[in-house]
Amino acid sequence: MSVKTADLCDDFSNELQIVSSAFQSYGKKKCFSGPIETVKVFEDNVLVKKALETVPAGSVLVVDGGGSKRCALMGDRLGEIAQERGLAGVIIYGCVRDSAELAQLDVGIYALGTNPLKSNKEGKGEKNISLSFLDVTWNPGDYVYADEDGVVISAKKLTE
């Protein structure tokens with residue numbers, strides 16, 4: 001992504017949703033953008049893995065983990081899937097683990113923090129739904145732009 005979120009805010013502020021809280025960056029890519037794909041889970045990452053294996057390349061998978069910091073929803077193995085499949089990034093409203101390995105992967109990975117504990121494996125959750133957290137709505141098909149300054153969401157693609 002060559003455009004900065006600050007520049008997008010300068011040019012399109014009335015068309016953007018601005019995420020109110022800063023995520024931590026865990027992947028090698030600090031700047032990324034793409035169409036949103038969504039998954040909603042709670043302390044269970046089975047649907048996260050399925051989504052990583054099926055969403056289109058270039059997408060940003062947004063995971064609503066309920067903000068839980070009690071376990072990780074993604075580690076090195078799922079990060080490798082995201083990289084191999086060509087996802088632009090993964091944004092997790094929850095935690096990751098294997099942060100040293102994730103930092104070597106050529107994919108954007110934003111999360112609230114880390115936790116070494118793996119998640120449950122029950123397969124509960126929903127996919128391809130509108131999510132609401134951190135004062136914004138994450139709709140499948142909208143575009144997300146992320147960099148060191150923050151995360152913004154647009155109903156339409158703003159850059160080439």
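In this briefing, a residue is called buried when its relative accessible area is under 20%, exposed when that area is over 50%, and partly exposed in between, with a 1.4 Å probe and protein chains only. By this scale Leu78, at 8% relative accessibility, counts as buried. The model is predicted: local features need pLDDT of at least 70 and side-chain atom pairs count only at pLDDT 80 or more, whereas totals for chains, interfaces and linings use all residues. Residues are numbered from 1 along each chain as its sequence is written, and side-chain values use heavy atoms, with hydrogens and water left out.

**Annotated positions**

- An unreviewed UniProt entry places the feature "binding site" at Gly75, Asp76, Arg77, Leu78 and Arg97. These residues are spread over 23 residues of sequence but cluster in space, with a largest C-alpha distance of 10.3 Å.
- Asp98 also carries the feature "binding site" in UniProt, again from an unreviewed entry. UniProt positions follow the numbering used here, feature names are shortened, and annotations may be inferred rather than shown by experiment.

**The largest pocket**

- The largest pocket holds about 280 Å³ of space. A pocket is found on a 1 Å grid over the protein atoms alone, as an open set of points where a 1.4 Å probe fits, with protein on both sides within 12 Å along at least five of seven lines; lining residues have an atom within 4 Å of a point. Grid points are joined across faces, edges and corners, and the volume is the space filled by probe spheres set on the points.
- Its lining comprises 16 residues, and Asn45, Arg77, Leu78, Arg97 and Lys121 lie nearest the centre.
- Helix 2, strand 5 and helix 3 (76-84) are the elements that give two or more residues to this lining. Helix 3 supplies the largest share, four residues. Helices (H or I, at least four residues) and strands (E, at least two) are DSSP runs, numbered from the N terminus.
- Among the residues annotated by UniProt as "binding site", Gly75, Asp76, Arg77, Leu78 and Arg97 belong to the lining of the largest pocket.

**Leu78 and Asn45**

- Leu78 is placed in helix 3. Leaving aside neighbours within four places in sequence, Leu78 is in contact (heavy atoms within 4.5 Å) with Asn45, Val48, Lys49, Leu52 and Leu73.
- Asn45 lies in the loop between strand 3 and helix 2 and counts as buried at 10% relative accessibility.
- Beyond its neighbours within four places in sequence, Asn45 is in contact with Leu73, Leu78, Ser119, Asn120 and Lys121.
- The side chains of Asn45 and Lys121 are joined by a polar contact of 2.8 Å. A polar contact is a pair of N or O atoms within 3.5 Å; within protein, one must be able to donate a hydrogen and the other to accept it, and residues adjacent in sequence count only if both atoms are side-chain atoms.

**Asp76 and Asp98**

- Asp76 is found in helix 3 and is partly exposed at 22% relative accessibility. Not counting residues up to four places away in sequence, Asp76 touches Arg97, Asp98, Glu101, Leu102 and Leu105.
- Asp98 occupies the loop between strand 6 (89-96) and helix 4 (99-102) and, at 26% relative accessibility, counts as partly exposed.
- With neighbours within four places in sequence set aside, the contacts of Asp98 are Gly75 and Asp76. The side chain of Asp98 reaches the backbone nitrogen of Asp76 at 3.0 Å.

**Salt bridges**

- The structure holds five salt bridges, each defined as a side-chain nitrogen of Lys or Arg within 4 Å of a carboxyl oxygen of Asp or Glu.
- One of them joins Glu43 and Arg70, whose closest N and O atoms are 2.6 Å apart. Glu43 lies in the loop between strand 3 (32-40) and helix 2 (46-54) and Arg70 in the loop between strand 4 (60-64) and strand 5 (72-74), so the pair ties together parts that are 27 residues apart in sequence. Glu43 is buried at 12% relative accessibility, whereas Arg70 is exposed at 55%.
- Another links the side chains of Arg97 and Asp98, at 3.9 Å from N to O. Arg97 is partly exposed, with a relative accessible area of 28%.
- The side chains of Glu122 and Lys124 also meet in a salt bridge, at 3.0 Å from N to O. Glu122 is exposed at 51%, and Lys124 is exposed at 55%.
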